[in-house]
Amino acid sequence: RVLSCGLKDFCAHGGDAAGTAAGDKRVPKIASVVGILGHLASRHAGSIKQELLRMFHESLGSAREHHKATVPFLLQLALMSPTLLATVSPELVDSLKPPVLNQLHQHFSAMPREELDGVVGVVVHLLCHTSAGALRTLRFLLATAAP
C-alpha cells in the first residue's frame with residue numbers, strides 16, 4: 001500500500017524520469033515513503049523486494065499512465081534509499097533478460113531526449129553507488145554490451 005500510494009502521489013505531481021527537483025513539493029511525500037519502507041525493511045525485506053520487482057515488471061507491459069511513471073518512481077526511491085537499492089539490485093539485474101530489455105527499450109523509446117538523458121544519468125549514478133551485487137552488475141553490463 002505504501003508503494004501504491006507513493007506512486008499515485010508521484011504521478012499526481014508530474015513525476016518525471018529525471019528525478020525530483022530539490023524544490024519540488026512532493027519530496028516530503030516520497031521521503032515519507034522511503035522512511036516507511038526503510039522501517040519495514042528490517043522485518044519485511046523479502047516482501048518489499050518482491051513488490052518492487054513486481055511493480056517494475058508489471059509496468060513494462062502496460063501503456064497505462066501510472067505504469068509509465070513506475071520506473072522513474074522506482075529510480076527515485078533507489079536514489080533516496082541505498083537500503084532499497086541494495087535490497088533489489090541483484091535480483092533486478094538477474095531479471096534483465098532480452099525480453100525484459102526489449103520491453104524497457106519500448107517503454108522509453110517515445111520519451112523526449114532530455115528525459116531519457118535524465119534517466120540514463122540516474123541509472124549511471126545508481127550503478128556507481130551500488131555495492132551489493134556490483135560484480136554481478138558489471139558482468140551483466142559487459143555481457144549485454146558485447147555478447
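# Salt bridges, pocket and buried sites

The side chains of D94 and R136 meet in a salt bridge, 3.0 Å from N to O. This pair links distant parts of the chain: D94 sits in helix 5, R136 in helix 8, and 42 residues separate them. The model is predicted. It holds 6 salt bridges. The largest pocket has a volume of about 980 Å³.

- D94 is partly exposed, at 37% relative accessible area.
- R136 is also partly exposed, with a value of 38%.

**Salt bridge D9–K29**

- D9 and K29 pair through their side chains, with 3.5 Å from N to O.
- D9 belongs to helix 1 (residues 2–12) and K29 to helix 2, so this bridge ties together parts that lie 20 residues apart in sequence.
- D9 is buried, because its relative accessible area is 12% and buried means under 20%.
- K29 counts as partly exposed, with a relative accessibility of 44%.

- E51 forms a salt bridge with R54, and the closest N and O atoms are 2.4 Å apart.
- Both residues are in helix 2, 3 residues apart, so about one helical turn separates E51 from R54.
- E51 is partly exposed, with a relative accessible area of 28%.
- R54 counts as partly exposed too, at 37% relative accessibility.
- E51, R54 and E58 form one network, joined by salt bridges that share partners.

**Largest pocket**

- The lining of the largest pocket has 33 residues.
- Nearest the pocket centre lie L75, L92, L96, L104 and V123.
- Six helices are named as giving at least two lining residues each: helix 2 (27–60), helix 4 (70–80), helix 5, helix 6 (98–109), helix 7 and helix 8 (134–145).
- Helix 7 supplies the largest share of the lining, 7 residues.

**Nonpolar surface patch**

- V123, L127 and L141 make a nonpolar surface patch of about 210 Å².
- L127 is placed in helix 7, which spans residues 113–128.
- L127 counts as partly exposed, at 35% relative accessibility.

**Buried F73**

- F73 lies in helix 4.
- F73 is buried, because its relative accessible area is 0%.
- Not counting residues up to four places away in sequence, F73 touches L3, G6, L7, F10 and M55.
- F73 and C11 are 62 residues apart in sequence, yet their C-alpha atoms are 8.6 Å apart in space.

**Buried S95**

- S95 is in helix 5, which covers residues 82–95.
- S95 is buried, with a relative accessible area of 18%.
- The cut-off for buried is under 20%, so the 18% of S95 falls within it.
- Leaving aside neighbours within four places in sequence, S95 is in contact with H57 and V100.

**Helix by helix**

- Helix 5 holds S95 and D94, and it supplies at least two residues of the pocket lining.
- Helix 2 holds K29, along with E51 and R54, and it also gives at least two residues to that lining.
- Helix 4 carries F73 and is another of the helices that line the pocket.
- Helix 8 carries R136 and likewise contributes to the lining.

Terms used:
Residues numbered from 1 in each chain as written. Predicted model: local features only at pLDDT ≥ 70, side-chain atom pairs only at ≥ 80, totals over all residues. Heavy atoms only, no water. Patch = residues over 30% accessible without salt bridge, like charges linked within 9 Å, V, L, I, M, F, W, Y side chains within 5 Å. Areas by Shrake-Rupley, 256 points an atom, 1.4 Å probe, with all protein chains shown as cover. Salt bridge = Lys/Arg side-chain N within 4 Å of Asp/Glu carboxyl O. Helix = DSSP H or I, 4+ residues; strand = E, 2+ residues; numbered from the N terminus. Buried < 20%, exposed > 50% of the residue type's maximum accessible area, 1.4 Å probe, protein only. Contact = heavy atoms within 4.5 Å. 1 Å grid on protein atoms, 1.4 Å probe; cavity = no way out; pocket = protein on both sides within 12 Å on 5 of 7 lines; lining within 4 Å. Points joined across faces, edges and corners; volume = space filled by probe spheres on them.
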